[in-house]
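Me: I am new to this structure. Please pick one part and take me through it closely, step by step.

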Amino acid sequence: MTLQPLLGASALIQIHVLTAVLALLLGSLVLFRRKGTWLHRLGGRLWVLLMLVTALSSFGIHGIGTFGRWSFIHIVSVYTIGCLIYAVMAVRNGNIPGHKKAMQSIFIGALLVAGALSFLPGRIMNAVLSGVDKMPAPVSAPSTAGNGVATFIFAHTPLWVWPLLASLILLGWLRSRARVINRTQLLVAPTVVAIMSLFYLFSNGWLLAAVTGFVCGALPGIAFGRVVGSADGVYLTPNGKYHVPGEWLSMTILMGLFLVRYIDGFMATMDPALPFDPPWLFGSNAASGLLAATMVARSLTQLRCGSGEPALKTT
């Protein structure tokens with residue numbers, strides 16, 4: 001591990017990384033502390049400021065260039081800014097559930113998932129973790145007509161990927177609406193993400209870096225899922241079904257898992273040595289384990305709370 005690639009980067013990249021790391025640390029503290037206190041409000045305001053600087057600074061960074069000068073990171077930044085605005089407006093209007101869900105969505109999508117993807121080969125954080133002083137030359141996609149890299153990506157995407165994506169979007173949308181469902185229906189989404197995550201781990205050959213990353217991601221995911229699940233307000237109706245409020249965190253998790261798997265598959269076609277790169281294996285499986293464990297732990301906690309059983313302590 002070496003900080004030389006980061007120290008040799010532009011000031012804008014250094015600011016982006018610094019504010020992202022500080023936001024990750026501060027967000028972890030604010031998330032698990034008691035809500036409504038002056039300390040929570042102060043920490044939340046500082047966190048919003050850090051995330052705003054992180055998102056805005058990304059628009060001056062064009063290292064990936066998937067769509068011309070822009071990439072999926074900039075899409076995440078636009079999403080982050082929109083969620084920050086919504087979260088601030090929600091809390092000012094007394095919409096605490098909406099505020100909480102927006103902040104959780106930013107923490108998962110913009111910090112944890114996007115942060116894990118910053119360890120892609122060819123990016124600065126990969127060089128920092130792997131201990132390479134010099135950034136490797138970026139891999140060039142074969143020349144294609146039309147929109148270049150974007151055309152190449154879509155042209156080399158298997159057809160079965162699109163029905164899978166549509167199914168995940170539908171599943172996430174269904175969970176965004178308040179619903180009354182039975183136990184089996186409540187466990188559909190966590191079962192899907194668990195299978196996706198374990199299949200991804202299995203496809204990597206259970207290498208040490210992949211398993212270690214998965215475990216390191218799953219542990220905080222379990223804690224986070226329990227906290228979120230215990231605050232969801234799920235209750236058992238008189239007919240024995242569960243009333244579950246709508247939320248968008250599930251959509252974020254489903255899309256995050258899809259994105260991790262999609263990028264991994266695409267990058268492997270560009271660089272056949274990638275599946276054996278320890279920093280990549282660790283980062284991608286940490287993201288996968290975090291997302292899957294969050295969904296599973298949240299749903300199991302919803303079942304316990306809905307049935308009147310106390311949620312497990314996270315401390």
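Reply: A helix here is a DSSP run of H or I with at least four residues, and helices are numbered from the N terminus. Bear in mind that this is a predicted model.

Now look for Lys241. Along the sequence, Gln185 and Lys241 are 56 residues apart. In space, their C-alpha atoms are 10.0 Å apart.

Now for the close look: helix 11. This helix spans residues 208-230. Helix 11 packs against helix 13, which covers residues 278-306. Two numbers describe such a packing: the angle between the axes and the distance between them. Here the angle is about 30° and the axes are 5 Å apart. Angles under 35 degrees count as roughly parallel. Helix 11 is therefore roughly parallel to helix 13. The crossing of the two is right-handed. What sort of residues make up the contact of helix 11 with helix 13? There are 17 nonpolar residues, twelve polar ones and three charged ones.

In one of them, the ring centres of Phe107 and Phe224 are 6.2 Å apart. Their planes meet at 35°, so this pair is tilted. Phe224 sits in helix 11, while Phe107 belongs to helix 5 (residues 96-117). The two are 117 residues apart, so the pair links distant parts of the chain. Are these two residues buried or exposed? Phe107 has 8% relative accessibility and counts as buried. Phe224 is buried too, with a relative accessible area of 3%.

Phe258 is buried, at 11% relative accessible area.

Finish with the cysteines. A disulfide is a covalent bond between the sulfur atoms of two cysteines. How many does a search of the whole structure find? It finds zero disulfides. Cys216 has 39% relative accessibility, so this residue counts as partly exposed. Cys83, at 13%, counts as buried.

Notes. Residues are numbered from 1 along each chain as its sequence is written. This is a predicted model: local features need pLDDT of at least 70, side-chain atom pairs count only at pLDDT 80 or more; totals for chains, interfaces and linings use all residues. Side-chain values use heavy atoms; hydrogens and water are left out. Axes are lines fitted to C-alpha atoms, for helices over the stretch in contact, and angles run from 0 to 180 degrees between N-to-C directions. Angles under 35 degrees count as roughly parallel, over 145 as roughly antiparallel, 65 to 115 as roughly perpendicular and the rest as oblique. A crossing is left-handed if the near helix is turned anticlockwise from the far one by less than a right angle, and right-handed if clockwise. Ala, Val, Leu, Ile, Met, Phe, Trp, Tyr, Cys and Pro count as nonpolar, Asp, Glu, Lys and Arg as charged, and the others, Gly among them, as polar. A disulfide is a pair of cysteine sulfur atoms within 2.5 Å. Buried means under 20% relative accessible area, exposed over 50%, partly exposed in between (1.4 Å probe, protein chains only). Rings of Phe, Tyr and Trp (its six-membered ring) pair if their centres lie within 6.5 Å; planes under 30 degrees apart count as stacked, over 60 as edge-to-face and the rest as tilted.
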